[in-house]
Amino acid sequence: MAKEQLPEVETRLYINGKWLDGSEDPIAIINPATGDTLAKVQAGGAKEVKSAIKAANDAFSEWSEKSPAERATLMNKMADLVEEDSERLAKIMTMEQGKPLTQAKGEIQTNVENLRWNAAEGQRLLGEIVPSPATNQWQVRKQAVGVVGAITPWNFPSNMIIRKISPAIAAGCTVILKPSKQTPLSALALMELFDKAGFPAGVVNIVLGDSSTIGTILSESDDVQKITFTGSTEVGQTLNEQAAPTLKNVSMELGGHAPYIIFPDADIERAVETLIQTKFINNGQVCTSPNRIFVHKDIKQKVTDRIVEAIKDVTVGNGLDDPTTGPLINQDGVEKVVDQLKDATDKGAKILAGGHKLTDGEYADGFFFEPTVLDGVTKDMDIFYQETFGPVIPLITFEDEEAVIKDANDTEFGLASYFFATNIHTIDNVSNKLQYGMVGVNDTDISNSATPFGGVKHSGFGRENGTYGVEEYVEVKFVNIRTAK
């Protein structure tokens with residue numbers, strides 16, 4: 001296709017309602033499909049972060065005292081603006097992150113739903129009156145926790161932002177956003193709309209720059225009452241340690257290594273079709289992506305043949321051409337897949353489809369990798385325990401229900417899990433014993449604005465979305481009112 005131009009988008013920092021240049025060297029943003037430099041964005045350091053914290057802190061009193069209905073009105077206006085601007089937002093996302101345009105548009109629509117759902121939920125943060133044995137009135141109130149530092153990843157560069165900001169501002173908090181250096185344009189485009197919607201200065205701020213510097217200052221500041229982070233377990237552990245001395249509220253959505261179990265009584269066609277659809281969302285660069293595919297021995301050959309056949313229809317290309325899947329985010333992502341496949345094949349696994357980086361023609365300057373099926377995966381291979389974040393379907397054979405549950409749980413991660421079965425006893429037993437924050441049974445749709453999203457073990461703590469997501473941004477206050485002499 002002809003070379004596309006990046007839609008016009010702001011490239012400066014947004015602090016206290018103003019667009020500002022940064023004091024650090026600008027950051028080049030690379031299109032992972034072409035290798036082209038799309039733009040250079042302004043970067044800030046300690047000075048800008050502290051300025052953003054002050055702005056958010058100054059804005060908190062007025063914003064938190066607004067009625068929930070007033071906050072909801074602005075949030076719904078923001079939702080309207082996002083919906084109206086969806087084509088531009090989706091194109092920006094595809095060009096900086098690589099995902100197919102249809103997936104980018106879907107992500108933008110999820111933003112609209114998330115804004116509207118949280119605008120409504122913010123008006124339902126109900127306290128309670130507790131019966132007192134005396135004449136006193138016992139009240140339980142819910143109040144905004146304060147200034148929030150939100151740190152977001154590159155794989156969902158728009159929705160991860162809205163999923164954090166929406167419940168925070170609905171509850172009455174103010175926010176300093178630190179998006180990924182690899183995909184800041186989607187974040188900046190959203191800031192344009194927050195500004196256009198008329199949010200008061202300081203309610204939403206964005207600082208771009210070195211992750212370590214910004215993360216450390218946000219985590220250690222006594223003026224930041226909460227950190228919400230989505231990213232790697234290693235970075236999450238560091239942020240949690242840095243936040244500990246100030247005893248601030250922290251929520252973490254970290255790595256995943258989702259099992260996908262196909263039992264012998266499963267609807268095989270549905271299981272395979274759903275696997276292909278889910279695995280290649282964002283080219284496997286999803287923390288909830290199916291990463292270990294357990295298939296019962298009685299149906300193993302049939303399922304394997306069906307997967308190898310189905311993967312032939314998976315198209316790879318520039319996201320603007322709207323293929324099934326696009327490029328990986330960078331060369332490091334490609335090398336991780338290569339290393340895992342080499343380790344597995346050296347130890348006896350077999351590649352049944354794909355297995356190579358794509359380098360010819362339109363793929364020459366991007367980070368493309370073939371959709372891959374890997375059979376004969378065992379526990380001595382890196383891919384069994386390491387999150388792949390790439391387009392690989394690793395097949396593992398199992399025989400016994402309790403044994404496969406044990407193997408599925410044999411990981412430090414505990415975010416998403418999936419299994420396919422029709423026997424009610426299997427469904428009840430497996431869904432109960434899987435050690436994951438989310439379980440999909442005969443389905444993989446586990447992320448919705450109204451339902452809690454999050455994990456256990458090294459996949460983090462706290463929840464996003466749903467009532468639980470808004471509750472992350474409030475603190476509970478008990479008030480005892482003496483009403484009689």
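Predicted model: local features only at pLDDT ≥ 70, side-chain atom pairs only at ≥ 80, totals over all residues.

Entry on Lys-50. I looked up where Lys-50 sits and found it in helix α1, which covers residues 46–65.

Entry on α4 and α5. How do helix α4 and helix α5 pack? I read an angle of about 10° between α4 (residues 101–121) and α5 (residues 159–171), with the axes 9 Å apart. Because angles under 35 degrees count as roughly parallel, I wrote the two helices down as roughly parallel to each other. On the α4 side the contact is made by Glu-107, Thr-110, Asn-111, Asn-114, Leu-115 and Asn-118, and these meet Asn-159, Ile-162, Arg-163, Ser-166, Pro-167 and Ala-170 of α5. Sorted by class, this contact of α4 with α5 has 4 nonpolar, 6 polar and 2 charged residues.

Entry on salt bridges. Side chains of opposite charge can pair when their charged atoms come close. How many salt bridges does the structure hold? I found 24, and I followed some of them in detail.

Glu-10 and Arg-12 meet through their side chains at 2.8 Å, N to O; Glu-10 is buried at a relative accessible area of 17%, whereas Arg-12 is partly exposed at 30%.

Glu-121 and Arg-124 also form a salt bridge, with an N to O distance of 2.8 Å. Here Glu-121 is buried, its relative accessible area being 6%, while Arg-124 is partly exposed at 43%.

For Lys-379 and Asp-407, the closest N and O atoms of the salt bridge are 2.9 Å apart. This pair links distant parts of the chain, 28 residues apart, with Lys-379 in the loop between β17 (372–375) and α12 (382–385) and Asp-407 in helix α13 (residues 401–408). Lys-379 counts as partly exposed at 39% relative accessibility, and Asp-407 counts as partly exposed at 22%.

Last, I noted a network of salt bridges that links Arg-163, Lys-164, Glu-253 and Glu-464; Arg-163 is already in my entry on the α4 and α5 contact.

Conventions: Residues numbered from 1 in each chain as written. Heavy atoms only, no water. Axes fitted to C-alpha atoms, helices over the stretch in contact; angles between N-to-C directions. Helix = DSSP H or I, 4+ residues; strand = E, 2+ residues; numbered from the N terminus. Parallel < 35°, antiparallel > 145°, perpendicular 65-115°, else oblique. Contact = heavy atoms within 4.5 Å. Nonpolar A, V, L, I, M, F, W, Y, C, P; charged D, E, K, R; others polar. Salt bridge = Lys/Arg side-chain N within 4 Å of Asp/Glu carboxyl O. Buried < 20%, exposed > 50% of the residue type's maximum accessible area, 1.4 Å probe, protein only.
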